[in-house]
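Please read it alongside the sequence and the model.

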Amino acid sequence: MTAHTWQSPPPPINHILDAPAPPAVLLSPNQQWLVELEQPLLSSIAEIASPQVPLAGFLLNPRTNAPFRYNQYHSIKIKAVSSATFNDISLPENPRISFLKWAPDGEKLAFTITVSDGLELWVVELATLNTKRLTEPILNAGYGSPHRWLSNDTLICKFISEDRGEVPEISPIPTAPMIEENLGRKTPSRTYTNLLQSPHDESLFEYYISSSLNKVTLDGESTQIVPACLIDEARPSPDGNYILLTTLHRPFSYQLPASYFPKRIEVLNTNGKLISEIADLPLADNMSIKFDAVRPGRRRVHWRPDKPSTLYWVEALDEGDPACDVNYRDALFVMDAPFDREPQELWQSEYRFQHIAWGREDVALVWEKWFDNRKQRIWRINPQQSESPQLLFDRSFEDKYNDPGVPLSTHGKYGRDVIRFTEDGGGIYLNGRGASPKGVYPFLDKFDLKTKQTQRLWQCEDPYFESVVDILDSEAQTLITRRQSQTEPPNYYLKNGNTEPILLTNYQDPAPQLAELQKELVQYERADGVKLSATLYLPPNYDVNRDGALPFVFWVYPEEFKDREFAGQVTTATNTFSRPMRDSVLFLLTQGYAILSGPTIPIVGEGDTEPNDTYVEQLIAGAQAAVDYVVKRGIADPNRIGIGGHSYGAFTTVNLLAHTNLFKIGIARSGAYNRTLTPFGFQGEQRNYWEAVDTYNNMSPFTHLNKVKAPLLLIHGEKDSNPGTYPLQTERLYEALKGLGATVRYVVLPYEDHGYRSHEAVGHVLWEMINWCDKYLKS
C-alpha cells in the first residue's frame with residue numbers, strides 16, 4: 001500500500017473534486033447590487049510550493065509581498081438586484097482577485113489583482129461595469145489591509161517603498177550565539193509558529209512590512225502622505241477628514257506573533273500631519289493565558305460609524321488580568337475631533353467587553369462576556385449619557401436555544417454600517433439562527449427597545465434551512481434570503497410578503513452523484529442522562545432491510561461545557577444541503593460507508609469542577625452511547641466501526657483508541673497528542689501544565705500509546721501553523737507507536753498547512769483514507 005507518488009481517489013470522488021464550486025455572493029451596502037465571485041476550492045501544489053518567508057506568526061510570499069495564504073477569486077460578475085442576469089466585467093486573463101472593499105456609496109468596488117511580482121489596485125463602477133487599474137503592482141499586503149476608501153473618489157493605500165533596496169542577506173557564518181533570557185518576569189504564551197528567531201528575521205520583518213501610505217484617486221494619481229514605516233492599519237474617519245494610523249515598532253518578540261508587538265496609534269489629517277497620539281502600547285509579553293485576558297491600555301480603537309469623526313476605545317480596569325478581583329473589568333471611552341480634550345467615559349462592564357454596535361445619538365448596544373461562568377450580557381447604552389444603561393439580555397452563551405440573534409445593520413449617513421431601526425425608531429431587527437429541540441430554524445424578530453418585547457416576523461420552515469441576508473424596506477416585508485434544503489443547493493431569493501419568492505441566483509448541485517444520499521438528525525442519551533445528537537449519513541439508495549449493517553466511520557470533535565443541560569442542546573441544522581468538499585469524510589459515502597458526523601461528545605464540568613478533569617471518562621461515555629445507538633438500529637456492525645477526526649478531533653481519535661475497544665481503525669489528521677508540549681493551555685483549557693499536571697498527562701494520548709491496538713492512519717501538513725499542532729506532534733507519535741509495534745502509517749503533506757489546500761494533497765488524503773478503511777475496516 002506504500003505510495004511514492006500523488007494518488008487520486010476513485011470515481012466519482014475525483015470527478016467531484018474537479019467540479020467548479022458555487023460562487024460567493026456579495027450584496028452591496030446600498031442594497032442595489034449583487035456581486036458574484038468565482039472561488040476555486042483547491043490550488044495546485046505548484047502554488048502551494050511558492051516561496052514563503054515566516055515572519056512573526058504568519059507566512060509571506062516574498063515575490064508578491066502578500067500573505068502566503070489568502071482568499072483569491074477568479075472572476076467578478078455583477079447584476080442589479082432587480083435584474084435577471086449577471087454581467088461579466090473586463091479583467092486580465094486568469095485574474096487572481098482579493099481584498100475587495102466597497103466605496104462608501106456602494107456604487108464602486110475596489111480590489112487587488114495579484115500578478116507575478118505584486119498586487120495591483122483596481123476598481124469597478126457597478127452601474128457601468130467599467131474597470132480601471134489604478135496602480136502598478138506596488139501594494140503592500142504583507143500585514144493588514146493594503147487599501148481602504150477615503151472617500152467615494154479616493155483611496156489610501158500601503159505602497160512598497162521605491163527605495164527599500166535588496167532583501168537583507170544572512171551571513172552563512174554565525175557571528176554570535178543566539179541568546180534569550182527572562183529576568184524574573186512571568187511571560188507565558190501559547191505555542192505559536194513562524195515566529196522571529198534571529199536579528200536577521202527582524203530585518204526581514206522590517207523589510208517586508210515597511211510601507212508608505214499614499215492617497216490614490218480614481219484617475220490613478222498618487223500622493224504620499226506617510227513615509228515608510230511598519231504600518232499595521234490605516235483607517236479613514238467616516239467623514240474622510242482623518243486617518244487612524246496604527247504602526248508597529250521595536251522591541252520585537254521571538255515568542256509571540258506580531259499582534260503582540262509594541263504599537264503606536266495616532267490620528268493624522270489627510271495630508272499626513274499628526275493631530276493626536278492616542279496610545280503607545282508596549283510589547284504585550286506578560287499577559288495571562290486565561291481566555292478573558294487582554295492587553296492593558298487603550299485597545300479596540302476605532303471610529304464610531306454613526307458620527308463623522310469620533311473615536312472610541314476600551315481600557316481594562318483590571319490591568320487585563322482576569323485573576324484581579326475588581327467590580328468592573330473594562331471601560332468604554334469616546335473622543336471627538338479635534339482630539340484635544342479628555343476622553344469621555346460612556347460605560348463600564350462587569351464582564352469583559354466583547355463587542356459594540358452603534359446606532360444613533362441615543363442608542364448603542366454593547367456585549368460583555370465572561371468565560372469562567374459562560375455568561376453573556378447585551379446592554380443598551382445612551383452615548384449622550386442622559387439615561388442609565390438598560391440590560392436587554394442576560395444568558396449563558398452555551399444556551400443556544402435562547403440566543404436572541406444579532407441586530408441587522410444598514411448603510412448609515414457616512415457609508416458605514418449602523419444598527420437598523422424599525423420605522424418608528426423604537427425597535428431593532430434581530431436575525432437569529434433559531435436552534436431548538438426540534439432543530440435549527442433561522443428567524444427574524446422585531447425587538448422593542450423600551451418594553452423589551454419580541455415579535456416574530458418570520459421563521460423558516462421545513463423542508464428548508466433559510467436565513468435573512470438583509471431587509472430592503474422600512475417595514476421588513478421585502479427580504480433577501482439564502483435558502484437551501486437537503487435536495488436544493490443554496491440560492492438567493494427576493495421575498496415580498498406572501499408573494500412567490502423571486503430566484504436571484506440559480507446554482508446547481510455540484511455533486512449530483514450524491515443526490516440520493518440519506519441525512520438524518522439522530523438523538524440519544526449518555527449513560528448519565530446527558531442528551532446527545534449527531535448527523536447520520538447513509539449512502540445513496542441504502543436500504544437497511546436489503547443491505548444490512550454497514551461499515552461506519554465516526555468523525556468527531558468534542559466540546560467543553562459548564563452546564564449539562566446546554567451540552568445536550570440540538571445545534572446542528574439538518575435541512576442544509578450536504579455535499580462533500582475538499583477532504584471531507586463524506587466522500588466515503590461513495591464507497592459504501594456510513595458516516596456519523598459530529599456526534600456530540602460534551603465534556604461537562606459544573607460548578608467548581610473543570611470539564612477536562614473527567615475528560616477521558618466522559619469521552620468514553622459519549623462514544624459508547626453513539627456506538628450503542630447505531631448498532632441498536634441495525635445499520636452498523638460493531639466489528640466494523642472506525643473513528644477519525646481533524647485537529648482536536650484527531651487528539652480525540654487517538655484517545656478513544658487508547659481507552660476503548662469500540663473502534664477497529666483510526667484516522668488522525670493534523671492533531672496534537674502530547675499536552676506537555678502545549679504547557680500554557682490548549683482548546684478550552686485555561687490552566688497551565690503545573691496547575692493541572694494530572695489532567696494534562698491523563699488527557700494526552702501519548703501517555704497511553706501502549707494501549708493502542710487498532711490500525712492508525714496519521715496525516716499532517718508539513719507547514720502546519722496552527723498553535724499547538726505543529727508537525728512534531730505527529731512525528732513523535734509515529735515514532736512511539738512504531739517502537740511499540742503498532743500498525744500505523746504516517747503521511748506528511750509537503751507545504752500544506754493545518755487545512756489542506758492543494759488538489760494533489762486533498763486527492764491523496766482521500767485516497768489514503770479510503771485505502772485504510774478498505775484494508776482494515778470494510779472487510
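The count of salt bridges in this predicted model comes to 39.

**Arg329 and Asp318**
- The side chains of Arg329 and Asp318 form a salt bridge, with an N to O distance of 2.8 Å.
- Both residues lie in the loop between β20 (310-316) and β21 (330-336), so the pair ties together parts that are 11 residues apart in sequence.
- Arg329 has a relative accessibility of 9% and counts as buried, because the cut-off for buried is under 20%.
- Asp318 is also buried, at 1% relative accessibility.

**Arg456 and Asp445**
- A salt bridge joins Arg456 to Asp445, and their closest N and O atoms are 2.3 Å apart.
- This pair links distant parts of the chain, since Arg456 belongs to strand β34 (residues 454-459) and Asp445 to strand β33 (residues 443-448), 11 residues apart.
- Arg456 is partly exposed, with a relative accessible area of 43%, whereas Asp445 is buried at 4% relative accessibility.

**Lys778 and Asp774**
- Lys778 and Asp774 meet through their side chains in a salt bridge of 3.6 Å, N to O.
- The two residues are 4 apart in helix α10 (residues 759-778), so about one helical turn separates Lys778 from Asp774.
- Lys778 has a relative accessible area of 31% and is partly exposed.
- Asp774 counts as partly exposed at 31% relative accessibility.

**Packing of α6 and α7**
- Helix α6 (residues 615-632) packs with helix α7 (residues 648-659) at an angle of about 85°, and their axes are 10 Å apart.
- The two helices are therefore roughly perpendicular to each other, because angles of 65 to 115 degrees fall in that class.
- On the α6 side, the contact involves Tyr615, Val616, Leu619, Ile620 and Ala623.
- On the α7 side, these residues meet Tyr648, Phe651, Thr652, Asn655, Leu656 and His659.
- By class, the contact of α6 with α7 has 8 nonpolar and 3 polar residues, and no charged ones.

How values were computed: Residues are numbered from 1 along each chain as its sequence is written. This is a predicted model: local features need pLDDT of at least 70, side-chain atom pairs count only at pLDDT 80 or more; totals for chains, interfaces and linings use all residues. Side-chain values use heavy atoms; hydrogens and water are left out. Axes are lines fitted to C-alpha atoms, for helices over the stretch in contact, and angles run from 0 to 180 degrees between N-to-C directions. Angles under 35 degrees count as roughly parallel, over 145 as roughly antiparallel, 65 to 115 as roughly perpendicular and the rest as oblique. Contact means heavy atoms within 4.5 Å. Ala, Val, Leu, Ile, Met, Phe, Trp, Tyr, Cys and Pro count as nonpolar, Asp, Glu, Lys and Arg as charged, and the others, Gly among them, as polar. A salt bridge is a side-chain nitrogen of Lys or Arg within 4 Å of a carboxyl oxygen of Asp or Glu. Buried means under 20% relative accessible area, exposed over 50%, partly exposed in between (1.4 Å probe, protein chains only).
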